[in-house]
Amino acid sequence: MIKKFFLLSGLTLATVAFSQATHTVVKGDTPYNISKKYGISIDDLYRLNPQVKNGVINLGDILTVNAKSGVQKTQVVSAAGSATTKIILQPKQTLYGLTKQYHITEAEIRKLNPDLQMQIGEEITLPAANVSKYGGNVVVATTNTVDVPKPETQASAEKGEAASADDFHYEVQDKDNYYRITRKFGITKSQLFMMNPGLEEKGLKKGDIIKVKATDVKETVANQIEDSAGKAQVTTVETSSVATAPGDQYVTYTVQSGDTVFGIVNKYGVTLDQLLSLNPDLVYGLKSGMVLKIKKLDEGYVKKSGDALNVILMLPFGFDSNDSKYRNMAADFLSGARLAIERNASEGLKMDIKIVDAGNEKSFKNSLTQINQDNTDLIIGPFFKSNIIEVLDFVHDKKIPVVAPFANSDDLYGYSNLVIMETADQAYADGIAKEIAKKYSNEKIYILSDKDPALAEYLKTKLEKTLKKPEVHIVASAADIQADTNMMTGQSAPVVAVLASNDDALGKAFTGRVVELAEQVAGTRAYSLFYTPSFDSDTNGLSAAALVYLMDRKVNTDGSFEKEILADYKKKYCKVPPRFAIIGFDTVNDILSRENKKGEVLKQMGKTQTQLATKFEYARPRSGGAYVNTGYRIVRLIPEN
């Protein structure tokens with residue numbers, strides 16, 4: 001049935017078309033798959049059909065289903081003869097996006113829409129010619145009658161055929177398994193899991209409605225790409241290659257061997273539609289070496305005047321507050337930072353550096369007065385989270401980039417002008433979980449933890465989700481890591497030992513116990529989320545356990561770049577750089593090397609860089625949020641044959 005409504009008033013003509021359809025219930029129908037087929041919610045289905053009680057439908061019932069016709073538009077012809085069109089603002093649409101899509105200035109949009117609020121569902125008036133030319137598949141409503149074709153299942157039912165209620169969904173039966181379903185519908189298991197997020201963890205349950213066929217061309221293309229690329233590879237920081245060339249308007253990614261579309265989509269938090277719209281050639285397949293546009297860069301800070309970058313270092317010396325608790329740490333950090341500043345200055349970067357005594361947390365507000373918001377291009381520091389938040393709030397309107405050398409917390413991730421340099425411990429746990437999964441074969445897993453078991457608990461949960469029914473024990477003493485017993489032979493069996501603490505004393509005990517077990521039981525394997533100095537004391541013994549550990553804040557003294565920096569530091573300060581000097585150099589050298597003359601440092605965050613001891617590879621856990629370092633280096637000790 002088609003209903004048309006016409007309104008004629010003066011020189012204005014408005015036409016709105018609504019479509020309504022019905023569906024005849026056939027065998028296999030459920031309210032869920034009917035609502036999905038016609039693009040309405042279950043609540044809408046019940047509202048349109050009050051006779052349906054408690055979700056019960058019967059064969060032959062005729063249900064009203066409003067087939068949505070996309071974006072509703074109204075065409076208006078003015079007295080001057082220029083046509084405009086009203087569109088309905090959709091989620092994620094922005095004023096900037098509208099100007100780019102419809103080739104119109106912001107001033108023109110506001111002139112046509114004096115009360116513009118930019119709220120979802122709001123009617124936006126635009127020139128009809130622009131919408132017609134650049135609106136894509138958005139159809140302008142006209143006065144022509146449009147027939148709504150009967151749904152395929154309805155037509156089949158009228159012919160007496162036993163058609164499925166939904167060609168794209170399937171109700172799980174009692175004896176179904178993954179193999180039977182994938183064979184039945186001609187799809188791979190990987191495609192099944194991709195179309196049904198969470199299904200792999202949840203498992204199949206009788207009566208569940210699952211997706212068994214792609215519902216649009218884009219998803220079909222993506223599935224084809226998934227097949228051509230093979231199984232999804234777990235991407236580690238060792239193989240990723242992200243770049244953002246200076247002046248580019250997009251974050252780009254160079255495809256690596258083994259990458260899949262869905263892996264890239266998940267890694268960068270974009271939708272498949274967004275990726276395909278920026279990279280149309282993906283329909284021809286994913287190839288190693290391709291450079292993909294990931295997403296448009298946010299408008300970031302641009303310096304207002306002058307050639308030199310005005311940089312502030314906020315360090316907790318505590319002179320003003322008479323608190324020397326962190327003074328040595330700040331002094332060491334500054335020594336490394338100075339080396340980085342001098343290095344970048346010698347390469348042509350003009351800077352004016354101002355060092356601010358951040359005092360302590362109680363007196364910190366006084367130090368904010370030393371920040372000139374109108375003449376500051378970059379702030380490095382302070383060290384503590386509460387102070388970082390105060391600085392971010394202080395410079396919020398100016399969007400001045402702020403670098404946090406140490407603080408890493410979920411409640412910081414929402415700040416778009418923040419760069420978090422410290423890799424979170426959870427990222428280390430995720431990395432080790434992936435490493436264990438590569439060679440796991442049902443051994444007992446022991447996780448050695450310190451007094452705070454939170455990280456060990458996180459790793460245990462991760463392993464239990466990643467592996468198939470693992471037996472995982474958290475222990476507080478290295479002596480509690482015991483060889484297993486083979487139930488068939490009674491002989492000792494190997495185990496997996498994991499160190500989840502950066503306490504050096506606990507690391508030493510872990511090292512001794514692992515070496516001892518590796519001598520007793522072949523196949524014993526060891527992993528560590530952190531480097532500990534004891535790993536250098538018996539590399540042969542640890543190699544027998546094929547130790548894998550994540551290395552951060554440790555210098556590779558064999559590298560040419562590292563040798564150069566170490567020599568420069570020793571020449572300047574007559575000593576080997578201490579820990580916080582290394583952190584100071586890495587933090588400042590990494591961020592300054594991403595700067596350009598306009599102060600657009602946040603446009604260069606896509607590059608992966610390794611400094612003296614730290615790998616910097618940034619991701620944004622939240623769309624438009626902070627840049628968070630997820631980088632680490634992996635060390636694997638290979639057993640001798």
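Thr610 sits in strand E25, which spans residues 609–610. The model is predicted. Thr610 has a relative accessibility of 37%, so it counts as partly exposed. Beyond its neighbours within four places in sequence, Thr610 is in contact with Lys615 and Arg633. Tyr632 lies 22 residues from Thr610 in sequence, and their C-alpha atoms are 9.2 Å apart.

**Overall make-up**

- The protein has 21 helices and 29 strands.
- It holds 641 residues, and 46% of them count as buried.
- The accessible surface of the protein is about 33300 Å². Carbon and sulfur atoms account for 50% of that surface.
- Take the contacts between residues at least 6 apart in sequence: 65% of these join residues at least 24 apart.

**Seven-stranded sheet**

- An open sheet is built from 7 strands, in the order E14-E13-E15-E16-E17-E28-E27. Its pairing is mixed.
- Strand E14 (351–357) and strand E27 (618–619) are the edges. Each has a single partner strand, so one side of each lacks a neighbour in the sheet.
- Strand E17 (residues 418–420) and strand E28 (residues 627–629) run parallel and are joined by 2 bridges.
- Val419 has Tyr627 of E28 as its bridge partner.
- Helix H15 (residues 385–394) lies across E17 and three further elements: strand E13 (309–315), strand E15 (378–380) and strand E16 (402–404). H15 runs at about 170° to E16.

**Six-stranded sheet**

- Another open sheet has 6 strands, in the order E19-E18-E22-E23-E24-E29, again with mixed pairing.
- Strand E19 (472–475) and strand E29 (633–636) form the edges, each pairing on one side only.
- From one strand to the next, the twist averages 20°.
- Strand E22 (residues 496–499) runs parallel to strand E23 (residues 525–528), and 4 bridges join them.
- Arg525 in E23 is the bridge partner of Val496.
- Helix H18 (residues 504–520) packs on the sheet and touches E18, E22 and E23. The direction of H18 makes about 165° with that of E22.
- Helix H16 (residues 425–439) lies across strand E18 (445–448), E22, E23, strand E24 (548–551) and E29. H16 runs at about 165° to E23.

**Nonpolar cores**

- The largest nonpolar core has 41 residues. Ile380, Val419, Val588, Ile591, Leu592 and Met605 touch the most other members.
- Two or more residues of this core come from each of E13, helix H13 (327–346), E15, helix H20 (560–573) and helix H21 (579–592).
- Val588 is in contact with Phe333, Ala337, Ala340, Ile341 and Ile380, leaving aside neighbours within four places in sequence.

**Confidence**

- The average pLDDT of the protein is 78, and 80% of the residues score at least 70.
- Residues 67–81 have pLDDT below 50. Beyond near neighbours in sequence, this stretch has 46 contacts in the model.
- Residues 137–166 also have pLDDT below 50. For this stretch, the model shows 46 contacts beyond near neighbours in sequence.

Notes:
Residues numbered from 1 in each chain as written. Predicted model: local features only at pLDDT ≥ 70, side-chain atom pairs only at ≥ 80, totals over all residues. Heavy atoms only, no water. Buried < 20%, exposed > 50% of the residue type's maximum accessible area, 1.4 Å probe, protein only. Contact = heavy atoms within 4.5 Å. Areas by Shrake-Rupley, 256 points an atom, 1.4 Å probe, with all protein chains shown as cover. Pairing = 2+ DSSP bridges. Axes fitted to C-alpha atoms, helices over the stretch in contact; angles between N-to-C directions. Core = buried A, V, L, I, M, F, W, Y, C linked by side-chain atoms within 4.5 Å. pLDDT = per-residue confidence, 0-100.
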